[in-house]
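Hi,

Here is the structure I promised to pass on. Have a look at it first, and my notes follow below.

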Amino acid sequence: MADLARVRDRLVGTEGNMVWRLKGGVDKLERPWLEVSLTGELVLTCQRCLQPMPWPFVVDTRFTQFADEATADDAEMLDPDVDTLVIDPAMSVETLLEDELLLALPFAPTHAVCDAPQEQNLQDKPNPFAVLAGLKTRKAE
């Protein structure tokens with residue numbers, strides 16, 4: 001996880017693990033495809049209690065690959081359910097895996113059940129409106 005800079009920013013630490021698998025082939029229309037599978041567990045910050053929380057994940061995506069953006073757009077128009085990927089010889093596997101993991105991360109992760117942070121003891125601080133009321137009564141005297 002330490003190598004995935006964009007994901008690392010969303011984690012509590014670099015703990016966690018990820019197992020990934022890439023598989024490729026050709027569909028019935030002679031288009032190349034690529035399956036990306038990610039499984040593992042990361043440690044995120046619960047947005048309710050601000051404590052670390054484990055987040056298990058499973059990501060399975062199948063991309064149909066195209067030579068250019070125009071052909072990919074045409075395929076998406078014909079079949080909105082197809083996930084397209086433009087073939088790029090310089091494409092980094094690490095970047096592809098990181099992109100898929102970022103898409104899977106919850107926007108605001110929370111525990112199923114947790115205690116909200118405790119409010120500070122407000123009895124120690126004077127109520128600001130009570131202070132103003134005291135000023136007003138003194139001015140009237």
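What percentage of the 141 residues in the protein chain is buried? Buried residues come to 28%, where buried means under 20% relative accessible area with a 1.4 Å probe, protein chains only. Please keep in mind that this is a predicted model, in which local features need pLDDT of at least 70 and side-chain atom pairs pLDDT 80 or more, while totals for chains, interfaces and linings use all residues. Residues are numbered from 1 along each chain as its sequence is written, and side-chain values use heavy atoms, with hydrogens and water left out.

On overall shape, the radius of gyration of the protein chain is 26 Å, whereas a compact globule of 141 residues would be near 14 Å (taken over C-alpha atoms; the rule is 2.2 Å times the number of residues to the power 0.38). Its C-alpha atoms fill a box of roughly 90 × 35 × 30 Å along the principal axes.

The order of elements along the sequence is α-β-β-β-α-β-α-α, with helices (H or I, at least four residues) and strands (E, at least two) taken as DSSP runs numbered from the N terminus.

Beyond its neighbours within four places in sequence, L42 is in contact (heavy atoms within 4.5 Å) with residues including M1, V7, W55, F57 and L101.

Best wishes

How values were computed:
Buried means under 20% relative accessible area, exposed over 50%, partly exposed in between (1.4 Å probe, protein chains only).
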